[in-house]
Amino acid sequence: MMTRTFPAPTAIFRHAALLVTAALILAPFVWMVSLSIKPPGEIFRASFSFWPEQFYGIENYTKAITKVPVLRYMLNGVIVCASILALQIAVCAPAAYALAKLEFAGRDLLFALVLIALLLPHEVLALPLFILGAKIGILNTYAALIFPYVVSPFGIFLFRQFFKTIPDDVVHAARLDGYSELGIVWKIMIPMALPAIIAFGIFSVVGHWNSLFWPLIAVRDHSLMPPPLGIMAFKNEEAGSDYGPLMAASTLVVAPLIIAFLAAQRWFIEGISAGATK
């Protein structure tokens, strides 16, 4: 006779905690999507229902797109995030390779400085960066949104941890084949570190797509505003108390990040877990 086994209490507790945490995280997004398809009269009702009695999604999303240039804000976000990510990989990958695979005086000290830089919030550098941007004349341009983030301590740390998992014999073999150190980085290490690059790419894009503090300081022109700053301008100038279009605009801004993460979650988990093995 087959004996039925039940999950251990610790497994039940663990799954219950995960479900509760997931519900708390998803609740604001569900609420946002629900409000984006409701008419004004149903938004502030005491009782909650996800689906409205009168579907108002077409009107809200049409107003969100036509009243202010939400699509332009999203295009700005794509330009800024893609430029930052490309430059971060170009800078962080060689630096991480040097810290992981090269022997030189002061390597451990440099890595310690990278770890210290991880502890510093970017906001503490806002004033000197603003003064520097004003001195060289890049404020209110794309450059002001991009160049302060070119060097990423987290990117250097993550790539270094992943490069440490690649056997040194691979590097020695590449040197015997005549590759330069930069050639090893771009032709050997980067292709092997694709999971780490995808994981870092998700962190980078999400962080800078959602950034509000520095863009609020760096740009004033509406044609340069990234999504969060554009949404704030939308609320102040157009929406007022019309929360349906505001929630529709917020949903449009958040949707690409969710889709990108769901598409790349397997590589994201692999990149994070591989970097944690050293």
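Helices are DSSP runs of H or I with at least four residues, numbered from the N terminus. The model in every view is predicted.

**Figure 1. The protein has 14 helices and zero strands.**
From the N terminus on, its elements run α-α-α-α-α-α-α-α-α-α-α-α-α-α. The protein has 278 residues, and 39% of them are buried. Among contacts with a separation of 6 or more, 73% are between residues 24 or more positions apart.

**Figure 2. The largest nonpolar core holds 27 residues.**
Tyr-97, Phe-159, Phe-163, Ile-184 and Met-189 touch the most other members of this core. At least two core residues come from each of α4 (70-101), α5 (107-119), α8 (153-164), α9 (168-176), α10 (181-192) and α11 (194-209). Helix α4 supplies the largest share, with eight residues. In general, nonpolar side chains of soluble globular proteins tend to be buried together.

Another core lies apart from the largest one and has 17 residues. Its members include Leu-246, Met-247, Ala-249 and Val-253.

**Figure 3. The largest pocket has a volume of about 660 Å³.**
Its lining consists of 24 residues. Those nearest the pocket centre are Leu-120, His-122, Tyr-149, Pro-153 and His-208. Helices α5, α8, α11 and α12 (213-218) are the elements that give two or more residues to this lining. The most, five residues, come from α11. By residue class, the lining of the largest pocket has 16 nonpolar, seven polar and one charged.

**Figure 4. The second largest pocket has a volume of about 300 Å³.**
Fourteen residues line this pocket. Phe-29, Val-254, Leu-257, Ile-258 and Phe-261 lie nearest its centre. Helices α1 (9-36), α11 and α14 (243-275) each give at least two residues to the lining of the second largest pocket. The largest share comes from α14, with seven residues. This lining divides into 13 nonpolar residues, one polar and no charged.

**Figure 5. The structure holds one cavity of 30 Å³ or more.**
What lines the largest cavity? The residues are Val-80, Ile-84, Leu-145, Tyr-149, His-208, Ser-211, Pro-215 and Pro-226. Six of these lining residues are nonpolar and two are polar, with no charged residue. Tyr-149 and His-208 also belong to the group nearest the centre of the largest pocket.

**Figure 6. Ser-36 is buried in helix α1.**
Its relative accessible area is 0%, so Ser-36 counts as buried. The Ser-36 side chain makes a polar contact of 2.8 Å with the side chain of Tyr-61. Which residues are in contact with Ser-36, setting aside neighbours within four places in sequence? The set comprises Tyr-56, Gly-57, Asn-60, Tyr-61, Gly-244, Met-247, Ala-248 and Thr-251. Of these, Met-247 is a member of the core of 17 residues.

**Figure 7. Ser-250 sits in helix α14.**
Is Ser-250 buried or exposed? Ser-250 is buried, because its relative accessible area is 14% and the limit for burial is under 20%. Ser-250 touches Met-32 and Ile-231, residues up to four places away in sequence not being counted. From Ser-250 to Met-232, the C-alpha to C-alpha distance is 9.9 Å. These two residues are 18 residues apart in sequence.

**Figure 8. Asn-140 has a positive phi, near 60 degrees.**
Where does Asn-140 lie? Its place is the loop between α6 (126-136) and α7 (142-146). Most residues other than glycine have a negative phi. Asn-140 has a relative accessibility of 22%, so this residue counts as partly exposed.

Technical notes: Residues numbered from 1 in each chain as written. Predicted model: local features only at pLDDT ≥ 70, side-chain atom pairs only at ≥ 80, totals over all residues. Heavy atoms only, no water. Core = buried A, V, L, I, M, F, W, Y, C linked by side-chain atoms within 4.5 Å. Buried < 20%, exposed > 50% of the residue type's maximum accessible area, 1.4 Å probe, protein only. 1 Å grid on protein atoms, 1.4 Å probe; cavity = no way out; pocket = protein on both sides within 12 Å on 5 of 7 lines; lining within 4 Å. Points joined across faces, edges and corners; volume = space filled by probe spheres on them. Nonpolar A, V, L, I, M, F, W, Y, C, P; charged D, E, K, R; others polar. Polar contact = N/O pair within 3.5 Å; in protein donor to acceptor, adjacent residues only side chain to side chain. Contact = heavy atoms within 4.5 Å.
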